[in-house]
Amino acid sequence: MYEVRTLHTDAEREEAATLVQDRQRWLTMRGLFVPAQADITVLFRDSQMRPAGLYEDGKLLACMIPERDPDLGWGEGPCLFLGCVHTLPDQPDDITRLITLWASDFAARLDLPLVRTEAMARQVLEAEPVTALLCRLTDMGWDVRGSGTGREGDRVARLELAAERRSGLSALIGCRVHEPQASSDDRGSA
């Protein structure tokens with residue numbers, strides 16, 4: 001059974017920070033882009049943040065920071081924003097598919113019409129490895145809304161996903177995520 005839950009304890013937040021470090025090291029070793037922000041792990045360790053994790057039988061597979069209606073500078077209308085999404089290295093795309101299903105359903109339950117996120121894209125969207133990633137994401141239901149400067153100052157692909165209630169999803173993915181806080185400008189970079 002999978003579960004997405006808010007990370008409450010210092011130990012849970014530290015585990016997420018370690019996952020982020022492992023993912024960034026994995027990307028660097030493959031010559032892929034990592035975010036310019038010096039230390040994303042600080043966000044996951046910050047007790048004022050409300051990060052969430054995707055677990056399978058107690059094992060952390062992914063972590064992210066869900067926010068309600070952040071000021072992205074792109075996209076119109078309310079949304080659930082998934083910031084700082086990191087998955088466990090060397091895992092199949094199924095983790096991303098599970099996050100996609102959960103996020104779409106969670107946004108619908110919050111009466112938000114869309115989920116938005118950003119993916120690193122320091123090159124044009126038509127160049128590898130960005131093209132392959134965007135193909136996989138669009139196959140999962142995400143729409144590419146162009147590219148530009150992301151929240152952290154990196155060049156990103158902007159992605160949207162329609163919210164959709166998915167009856168029966170709770171049999172596959174349990175959800176114990178607190179309703180995300182509205183983004184605030186004084187929280188630092190996230």
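Which residues of the largest nonpolar core touch the most other members? The legends below begin with that core. The model is predicted, local features need pLDDT of at least 70, side-chain atom pairs count only at pLDDT 80 or more, and totals for chains, interfaces and linings use all residues. Residues are numbered from 1 along each chain as its sequence is written, and side-chain values use heavy atoms, with hydrogens and water left out.

**View 1. The largest nonpolar core has 47 residues.** F44, L54, L82, W102 and V115 touch the most other members of this core. The largest share, seven residues, comes from α3. Apart from this core lies another, of five residues, including L72, C79, F81 and L114. A nonpolar core is a set of buried Ala, Val, Leu, Ile, Met, Phe, Trp, Tyr and Cys residues joined through side-chain atoms within 4.5 Å; buried means under 20% relative accessible area, exposed over 50%, and partly exposed in between (1.4 Å probe, protein chains only). In soluble globular proteins, nonpolar side chains tend to be buried together. Neighbours within four places in sequence left aside, the contacts of F44 (heavy atoms within 4.5 Å) include R13, A16, A17, V20 and C84.

**View 2. Eight strands form an open sheet with mixed pairing.** The strand order is β6-β7-β5-β4-β3-β2-β1-β8. Helices (H or I, at least four residues) and strands (E, at least two) are DSSP runs, numbered from the N terminus, and two strands pair if DSSP finds at least two bridges between them. Each of β6 (143–149) and β8 (173–176) has a single partner strand, so one side of each edge strand is left without a neighbour in the sheet. Pairing between β2 and β3 is antiparallel, over five bridges, and L54 stands opposite A62 in β3.

**View 3. Helix α1 (residues 10–29) packs on the sheet.** The helix touches β1, β2, β3 and β4, and its direction makes about 100 degrees with that of β3. Axes are lines fitted to C-alpha atoms, for helices over the stretch in contact, and angles run from 0 to 180 degrees between N-to-C directions. Among the buried residues of α1 are R13, A16, A17 and V20. The end C-alpha atoms of α1 are 28 Å apart, in agreement with the 28 Å that its 20 residues should span at 1.5 Å a residue; the expected span is 1.5 Å times one less than the number of residues. Just after α1, G31 takes a positive phi of about 70 degrees.

**View 4. R68 is found in strand β3 (residues 59–68).** R68 counts as buried because its relative accessibility is 19%. The side chain of R68 makes a polar contact with the side chain of E179 at 2.7 Å, and a polar atom of the R68 side chain lies 3.4 Å from the backbone oxygen of L110. A polar contact is a pair of N or O atoms within 3.5 Å; within protein, one must be able to donate a hydrogen and the other to accept it, and residues adjacent in sequence count only if both atoms are side-chain atoms.

**View 5. D57 and D111 have positive phi values.** Most residues other than glycine have a negative phi. Phi of D57, in the loop between β2 and β3, is near 50 degrees. D57 is exposed, with a relative accessible area of 65%. Phi of D111, in the loop between α3 and β5 (114–120), is near 60 degrees. D111 counts as exposed, at 66% relative accessibility.
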